[in-house]
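Here's a model to look over together. Let's take it a question at a time.

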Amino acid sequence: MIGGSDAGGPGRMAAAAGAQAGRSQGCGMLRQELSRDGAFLQGHPHVLVILGASGDLARKKIYPTIWWLFRDGLLPDDTRVVGFARSPLTVELIREQTLPYLKVSPEDGPCLELFLSLQSFVRGQYGDEASFRALDAHLRALPGGDRAHRLFYLALPPSVYTPVTQHLRALCMGQGWNRVIVEKPFGRDLGSSEELSAHLSALFREEQIYRMDHYLGKEMVQSLMVLRFGNRIFGPIWNRDNVACVVLTFKEPFGTEGRGGYFDDFGIIRDVMQNHLLQLLCLVAMEKPASTNPDDVRDEKVKVLKCISPVEMQDVVLGQYVGNPEGPPEAQKGYLDDPTVPAGSTTPTFATAVLHVANERWDGVPFVLRCGKALNERKAEVRLQFREVPGDIFARQCKRNELVVRVQPREAVYAKLNTKKPGMFLRPEESELDLTYGSRYKDVKLPDAYERLLLDVICGNQMHFVRSDELREAWRIFTPLLHQIERSRERPLPYAYGSRGPPEADALLRRAGFLYEGTYRWVPPPETETQP
């Protein structure tokens with residue numbers, strides 16, 4: 001067991017964090033919002049326990065997220081961080097391994113030292129009862145002891161969830177609240193997901209379980225609720241009478257890059273479509289909830305999912321990227337050239353699927369989900385394409401209106417409209433009404449998705465986490481398709497690294513009713529770079 005010094009206790013911690021108070025307008029607003037809760041930034045001790053502290057997720061995302069929150073004064077005043085892993089770690093090793101991802105500025109030095117002094121580590125085996133007794137003894141020895149609220153972050157492979165959660169429940173519960181964060185994937189299909197849910201629900205109450213899909217922490221995903229239900233202009237047109245097609249897109253410009261072993265076990269549908277894109281679909285399609293209470297919101301999302309039939313193979317295009325001999329060195333290698341990918345793998349790295357929501361609002365409107373690796377750009381967005389104006393008087397020169405919510409990069413909301421081209425004649429031209437967040441909120445730091453979600457857990461807000469019945473319906477929609485793909489082992493369609501994906505996917509989009517004119521491209525306005 002290795003621990004840091006007391007470092008003068010919570011008073012010094014609050015002072016160091018407070019020294020960063022002027023970092024950005026955004027942090028100031030967040031501090032005000034959190035302090036309204038009354039108890040959040042007061043003296044009650046909190047302990048964040050990272051199980052799997054030596055892994056990639058902890059090193060690249062969890063420790064940096066906790067550091068950013070600490071640096072900006074957004075953690076509860078008396079917070080300790082405890083790592084647990086099978087590998088031997090020290091606070092100095094944690095520093096070495098995480099430093100490349102912390103984005104520390106020179107003036108952050110003293111604050112970083114204080115942050116590291118609040119770290120400690122316990123080495124143990126995930127299936128060993130004595131290791132968890134040692135973890136509990138270590139937690140009791142920290143300032144606050146049994147009183148401390150305990151947050152357990154499972155940065156672990158799903159294969160060890162069962163013994164770890166059993167030992168946590170039996171041996172590591174404190175007298176404050178106890179909450180558990182579980183990272184996706186939540187199983188491989190409906191059966192394995194139900195088994196995991198049954199196991200967790202036998203140990204913890206639903207309000208103690210936080211199933212994290214980090215996409216639900218992104219600014220623009222959370223903005224969908226306000227955009228839809230806080231603006232009267234959208235209510236009358238947000239339906240089958242006006243919307244021709246909804247396209248939800250997730251594109252990455254890079255391949256598996258040595259992570260092929262992990263990716264090949266899950267594939268693009270499990271990795272992105274069944275969770276990230278389906279969550280976006282719910283937020284676009286759901287009815288107005290009774291309130292912003294987390295369960296009211298999640299109730300409406302479940303209702304949407306229940307209206308979607310399982311995806312059929314005829315409504316899907318699957319692809320796998322191949323090397324592009326004309327591209328840069330990294331683009332010349334295909335998926336099967338990754339040494340971590342099993343030889344002859346038929347796992348898709350690209351998928352387009354058409355879903356339908358069979359209810360009064362959306363009957364007949366296709367929802368197209370597109371995702372893939374090694375594509376031509378990095379982009380995640382929601383795009384509603386509206387029907388043509390009836391009684392056209394402009395000789396079909398007007399293109400369809402679109403409303404686009406750009407999730408990443410460069411968050412924005414813009415509407416594609418037809419305006420008059422300058423000149424003597426009534427010639428329509430495509431333009432936009434644009435709210436680019438980097439221009440409108442120049443001095444506001446948009447918190448990282450993990451920062452938001454970790455704060456939500458500490459606050460006990462489950463709105464942006466996946467509920468068990470929501471998870472069940474999501475797997476019901478995709479499990480038959482996944483099983484069919486795995487049984488058939490058909491080779492996905494090849495597409496070149498750096499392309500748009502297989503041409504067959506564009507053909508499916510056209511059959512679904514989406515019109516790609518190719519005459520307009522959104523150009524984001526210049527923006528001021530903000531510090532992470």
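Q: Which residues of H5 does H3 meet in this predicted model?
A: On the H3 side, the residues involved are Tyr63, Ile66, Trp67, Phe70 and Arg71. Their partners in H5 are Cys111, Leu112, Leu114 and Phe115.

Q: How many residues in the contact of H3 with H5 are nonpolar?
A: Sorting the contact residues by type leaves no polar ones and one charged.

Q: Is the packing of H3 and H5 roughly perpendicular or oblique?
A: H3 covers residues 56-71 and H5 covers residues 109-117, with the axes 10 Å apart. The angle between them is about 120°. Roughly perpendicular runs from 65 to 115 degrees and roughly antiparallel starts over 145, so this angle falls in the remaining class. That makes H3 against H5 oblique.

Q: What is the handedness of the crossing of H3 and H5?
A: Still with this helix pair, the crossing has a hand too. For H3 and H5, it's right-handed.

Q: Is glycine 83 buried or exposed?
A: Glycine 83 sits in strand E3, residues 79-85. It touches Ile50, Ala53, Tyr63, Ser120, Phe121 and Val122, leaving aside residues up to four places away in sequence. Its relative accessible area is 0%, and the cut-off for burial is under 20%, so glycine 83 is buried.

Q: How many Å apart in space are glycine 83 and phenylalanine 121?
A: Along the sequence, glycine 83 and phenylalanine 121 are 38 residues apart. Going C-alpha to C-alpha, the distance in space is 4.6 Å.

Q: What percentage of the residues of the protein chain count as buried?
A: The chain has 15 helices and 16 strands. Out of its 532 residues, the buried share is 54%.

Key:
Residues numbered from 1 in each chain as written. Predicted model: local features only at pLDDT ≥ 70, side-chain atom pairs only at ≥ 80, totals over all residues. Heavy atoms only, no water. Axes fitted to C-alpha atoms, helices over the stretch in contact; angles between N-to-C directions. Helix = DSSP H or I, 4+ residues; strand = E, 2+ residues; numbered from the N terminus. Parallel < 35°, antiparallel > 145°, perpendicular 65-115°, else oblique. Left-handed = near helix turned anticlockwise from the far one by under 90°. Contact = heavy atoms within 4.5 Å. Nonpolar A, V, L, I, M, F, W, Y, C, P; charged D, E, K, R; others polar. Buried < 20%, exposed > 50% of the residue type's maximum accessible area, 1.4 Å probe, protein only.
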